[in-house]
Amino acid sequence: MKHLLSMADLAREEILEILDTAVSMHEVQHRDVKKLPTLRGRTIINFFFEDSTRTRSSFEIAGKWLSADTINLTGKGTSVSKGESLRDTVKTIDAMGVDMMIVRHMASGAPAQIAQWTRCSIVNAGDGMHEHPSQALLDAYTMRQRLGDLEGRHVALVGDLTHSRVFRSNVLCLTTLGARVTLVAPATLMPAGIADWAKADGIELSHDLDAVLPTVDAVMMLRVQRERMSGGFFPTAREYAVTYGLTKDRLRLLPDHAVICHPGPMNRGLEISGDAADAAQSLVLDQVSAGVAVRMSILYHLLSGEQSGEGSAA
Amino acid sequence: MSPAQDRVPAGATDQTGGRVVLAQAEISRALRRIAHEILEGNKGTEGLVLMGIATRGVPLAQRLARALHDVEGVEIPVGTLDITMYRDDLRSQPVRAMERSEVPDGGVDARVVVLVDDVLYSGRTVRAALDSLADLGRPQAVRLAVLVDRGHRELPIRADYVGKNLPTAQSERVSVRLQESDGVDEVVISAPESGTLEGARR
């Protein structure tokens with residue numbers, strides 16, 4: 001495995017290997033000395049063209065705990081703002097001899113394109129409305145910690161599907177792991193053509209959250225991405241919260257063992273109420289904590305081992 | 001002990017054609033002796049912690065703890081070390097899966113840690129284990145117990161307690177099989193054969 005671009009590229013065994021390694025990595029988080037020498041001498045660039053708190057910081061921490069040198073670059077403050085093309089910027093960094101670029105970009109497919117231009121490993125840390133594979137892996141990890149094997153488990157993804165890269169990666173990851181997936185959203189926030197591929201992949205669609213909640217093992221609330229919306233997806237925020245938000249009343253519909261996930265950042269009071277976000281069943285903070293361990297595992301799997309091609313001669 | 005059990009099965013062969021150098025009786029006798037040596041060296045069980053190096057070192061550490069318990073009646077804490085992340089050959093080998101590292105309650109600070117492994121060969125595993133241990137705390141002393149020392153050290157490392165010194169050629173392969181992981185207790189030495197690369201490492 002050289003790049004992590006899409007969850008569609010990972011087989012079940014590869015996903016499970018990353019998740020199992022993450023369990024061991026998680027143990028490091030509780031040590032006094034949070035440092036493993038594994039990626040000593042490797043250089044990782046965090047290349048973020050879009051804002052991010054948890055993804056960027058957790059990739060940076062993951063790299064540092066594995067002893068790699070990590071450097072952060074943002075769109076702002078680089079030559080990109082002087083008009084340099086993405087290709088030239090990437091080629092420039094590549095020429096410095098880095099081993100990995102972790103890329104977040106507003107254009108879907110940008111990381112895959114960058115992978116064509118450079119010799120180093122590319123991790124997709126979120127591209128436009130396409131995918132966010134490391135988030136899907138940490139979601140699966142967190143749910144697995146609570147629920148055990150996800151085979152046959154029922155997971156509902158609720159909310160703004162159209163604009164969500166998290167949902168796309170999660171559907172691929174969960175179905176590969178054998179979970180049953182239901183998508184719940186107003187018709188306006190279901191991506192175009194979803195009925196066809198949902199049918200092909202055995203995914204259920206629903207517009208009725210109250211009917212779905214009692215049957216789930218996990219419910220994942222997706223953020224309403226107002227920054228990507230140009231109006232008109234639902235009448236008012238209040239109406240959305242009442243029909244599709246995880247309110248205090250809806251919390252009671254969940255089975256006792258069921259867990260609540262949210263990839264963050266949360267719009268409290270919109271897609272998730274404060275009561276749900278802070279409930280005992282909520283894994284929101286576990287997800288953040290798992291983020292570092294899972295990303296350490298991803299870096300380990302991509303940067304160690306015999307690389308086909310260059311760099312392994314040493 | 002009956003003579004049959006006592007007999008060194010020199011020349012005996014396992015199912016793959018290797019020569020069995022230690023059978024069940026010898027292995028348990030070696031561990032009992034090592035347990036006594038540890039007690040002698042440490043003047044009792046005070047502050048002792050056993051850390052098994054994954055994977056085969058872990059059941060050996062547990063057996064040593066039982067042997068120590070049989071002699072002194074004291075429970076010795078047992079932990080495990082996975083040294084995958086500390087290896088110096090991560091870039092030249094296929095990606096390895098990680099095992100768990102577990103530090104026993106009470107940690108390793110100011111304890112006498114006995115590292116336990118199955119085979120001592122190049123010494124690189126022990127080097128990695130020492131680095132890993134340093135990240136877990138600061139033991140008062142670190143000792144090394146191995147079931148088999150097959151020579152060919154590449155680093156200035158030696159064992160304090162050895163089950164058996166086994167002169168080998170570098171091309172030969174030493175396999176330790178244990179009841180817990182392999183269903184049988186035996187140490188087998190075999191000529192290099194096509195197939196597994198594991199032999200080269202051991």
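**Sheets and contact**

Student: In what order do the 3 strands of the open sheet in chain B lie?

Tutor: This is a predicted model. The pairing in this open sheet of chain B is antiparallel. Strand S1 (19-22) and strand S7 (173-177) of chain B each pair on one side only, as edge strands. From one strand to the next the twist averages 30°, and the order is S1-S8-S7.

Student: Which residue in S8(B) is the bridge partner of Leu22(B)?

Tutor: S1(B) and strand S8 (residues 186-190) of chain B run antiparallel and are joined by 3 bridges. The partner of Leu22(B) in S8(B) is Val187(B).

Student: What is the order of the 5 strands in the open sheet of chain A?

Tutor: Here the pairing is parallel. The edge strands of chain A are strand S7 (204-206) and strand S9 (259-261). The twist averages 20° from one strand to the next, and the order reads S7-S6-S5-S8-S9.

Student: Which residue in S7(A) is the bridge partner of Leu183(A)?

Tutor: Strand S6 (residues 180-184) of chain A runs parallel to S7(A), with 3 bridges between them. In S7(A), Leu183(A) has as its bridge partner Leu205(A).

Student: Which helix gives the largest share of the side of chain A that touches chain B?

Tutor: The contact takes 17 residues from chain A and 17 residues from chain B. By class, the side of chain A has 4 nonpolar, 7 polar and 6 charged residues. The largest share of that side, 5 residues, comes from helix H1 (residues 12-28) of chain A.

Terms used:
Residues numbered from 1 in each chain as written. Chains lettered and ligands numbered in written order. Predicted model: local features only at pLDDT ≥ 70, side-chain atom pairs only at ≥ 80, totals over all residues. Pairing = 2+ DSSP bridges. Helix = DSSP H or I, 4+ residues; strand = E, 2+ residues; numbered from the N terminus. Axes fitted to C-alpha atoms, helices over the stretch in contact; angles between N-to-C directions. Contact = placed C-beta atoms within 7 Å. Nonpolar A, V, L, I, M, F, W, Y, C, P; charged D, E, K, R; others polar.
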